[in-house]
Amino acid sequence: MGVSCVYMYPVPEGRSGAHVVEVLQKQVETIGGVKMGSFVVDCESYLSIMLSVSKTLQILHNTEYPASCFAVLDSGATLVADTLFNGLLSHLKAYYQARKGSKIESKGNRYQLADFVIKIGSVTLSGSFKGILVEVEYCPSVIASECWNLMKELLQSLIGNIAESPPPSLKMKMDEIYTPAMTMLQYLEHFNNFRKAAAVSQPPR
Amino acid sequence: MAAPSVNISVESAIEHQIQEVRYDGQEIYVAPLSMSENLSKLAHKIDFYKDESEEKGKPTSEGEKESDEEKVLAPFQPSLWPWDSVRNKLKAAYTEISVLYDVLNIVKEKHYMVTDPVNQDGPELKAPLQMLAKKRSLVAAAHILSNGAERLKRVQNEMASVTQENFLMELLKLRKNWRLKKVHNTILGELSYKSAGSRFWQGGTFEVLKTSDLAAEGEIVPRKSSLDVIIPSELEGVAYILVEVKSVVSDLMNITSATLKMPSSLGPVSADTYWQLKLETAQNVLFCKELFAQLAREAVQIKKASTPHMVVGNQILTNVFPGVQLSIVLCHHTGKEKKVNLSSEKLEHNHVLEHSLHQLLREVHDRNLKCSAPHPVNAMLGMTRKRRLAGPRAMSRQELMEMGENESLLEQILKQTKHAVLRIRSMHVIDQMAVSIQDPQLCAHWSCLNSSLESSVRVSVTSYGYESIRTSLVLTIGIDLIRVVMKDGRVCTLSFEETELRDLLQWQICQHHTHSIQHLAKVQGWQVLSGIVSSGFGDMEAYGTTSNVLMASPRSNVIVSFHSNPVSGSKLWVKKVEPSIETHHSPAVTANKWASLSGEFQEVNLQLLEGRNLVGKIDMLMARLSLS
């Protein structure tokens, strides 16, 4: 377990997402990354129906933490539970209901490069491609500020100037001990952005 | 008559009794009695004890007469004898006096009686006498007490000897340590480790018998115990696990040696041993069998090993290192087999490894038994606490995978064996070198705290007389490699081959020489021109690298070059430069000493130099040369 940074990699106009992903993968392989399986991060939204002001509960899973289930509230409060929590949610149908078509996931290959783990995932929202997320994890450290420069160097060689500064949600916690929940919060932020973008481009019929 | 009317007031007289008159003249009356109170007062006046009939029978006048007589007598008597008591006393005194007179007369006459003076200090007792009496009584009391105690003891002893023969008491004792159950008319016991977490198929049921039953059949043998146990035939005898680490130049694995080797100390159990010992031995047999079965199963299952493990009969053979073999033999001596002619071959039984084997199986048992309850209750059964918390702690895939890995017993014991072999080898190498190399001295400090898989040693190299110059290195001996941290902080990893360690130590010795000479240079004001601990040039050697150092004397007129190599040994060259020769004045040459690098170096025979050791010799030589 180490420090992770998640960035969105923009897809240039007129090029398919799959192609860009392929280019990125090739790039990682050229700098010495070795493919070590694949990964999936998925997120589902649940809406509370009892309250007058509807609140959302986001349930995330990450194959990197196969035994865990992350539940995030609007406020950012995160609960890390084991996978039995999924079963619990089905019992809470009277309070929380899954929003239809909200399942968003980032899926792709996982590369190992010495102490780094690089994950290039293509994001799909209910089946349609939305964008690319690149995660870089530096395993030996747990303090973000101590390894940020090292990660920045690798990130910039990979995705360029997007990685000029640490991800916004990580910025406040640079000196804290990194927890897996922080990775999930970064993913959630990107997922929310993708959802918003999707809502704007496709007004509800 | 019409008289003027006069008012007459009629007042009731004060009929109440006055209780008290106060100082101010106020009178307090007793409250008048009410009717009921009056009645009760009157009733009190009646004497109920008086016999009414008597009164009725007698004329009242008679009663009056009697009371009259009494009234006359009572006041008369005291007036009749006013000196009566005085008279009485005088009379008594008179009688006494006359008796005394009689007695005195009799005594005086000496006819009938003689009086003797009586010794008056009778009750006055002497202290020692008193003590003696007390002592005697105490002794008597103590005697009674000790008598009683002895009797009690005797009774108790008798009781004890009775209980030993008492079957029920024995059974109770047995019940305290072993599991028993009653099936019909027989009592069955269980000696297997199943209740302690073992999952071995073989059971260990034994039967409890009363010895008096046996005796009734004919043979009357005086037995110590009235209880006997019958142990299943497959658990009879003595067993142990023989662990041997053999350094075989193995052309053939020595399979025939798997025959029984029973140390004489572990003889068969005789029939009439006490049941506790019998049961314990049988339990040990069962444990050894389980251990061996487990190891054999693992040996067959494990495919990872480069050379497969061999299981032949009651022996498991594995390769630890090339040429070193670990053999685990189950020795089960039932006492029924033929006497095998034991060769005088010494048993190289490794007790430590046998102990750790036992320990490992016990740990397995313990793990089987300690199955934490599921949390929450609807969760999976049999999850360890660590696995249960893996979710909330968000363990990564790798951590989970590591958790799932379960090392087998055989692998663990193999690791321990490897470490043990490697440790002994390194110890041997260091000791050998410390003995064979006199200059400099090697000193090894083994840490007394080590685990079964890691231990460490600090080796320090010093020269006699120059102990402040020290080269020390720390060796951490792992499972099959040695990590060495050298003086300058460099880390190098050695394999299990002992020659590698030897090479490293020899190289360190060469380095120590150059280091100490550089140190001497600093002290004597010499200038170190170059110092290389592992130079790549020089003559071709069989192994090892040369360390060399080049120095100039304070006056820059003598250059000394020192080479130290583990194979060819130490060599010293000296060159003298004439200060007058100043041939070329190249701007690149900044000082005279550099000009003298080239030229003829002359080798010094170090053996002929005087001094206790190499450093001492060179010290002396340098001191001499710095003057010249």
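Predicted model: local features only at pLDDT ≥ 70, side-chain atom pairs only at ≥ 80, totals over all residues.
How many salt bridges does the rule find across the interface of chain B and chain A?

Residues are numbered from 1 along each chain as its sequence is written, chains are lettered from A in the order in which they are written, and side-chain values use heavy atoms, leaving out hydrogens and water.

## Where the chains meet

The answer is 1 salt bridge (a side-chain nitrogen of Lys or Arg within 4 Å of a carboxyl oxygen of Asp or Glu). Glu64(A) and Arg397(B) make it with their side chains, at 3.9 Å from N to O. H10(B) gives the most, with 3 residues. Helices here are DSSP runs of H or I with at least four residues, and strands are runs of E with at least two.

In total, 15 residues from chain A and 12 from chain B take part in the contact (heavy atoms within 4.5 Å). About 970 Å² is buried between the two chains, with carbon and sulfur atoms giving 59% of that; buried area is the accessible area (1.4 Å probe) that two parts lose on being put together, summed over both.

## A loop residue on chain A

Ile49(A) sits in the loop between strand E2 (34–48) and strand E3 (56–62) of chain A. With a relative accessible area of 43%, Ile49(A) is partly exposed, a label for values between buried (under 20%) and exposed (over 50%), using a 1.4 Å probe and protein chains only.
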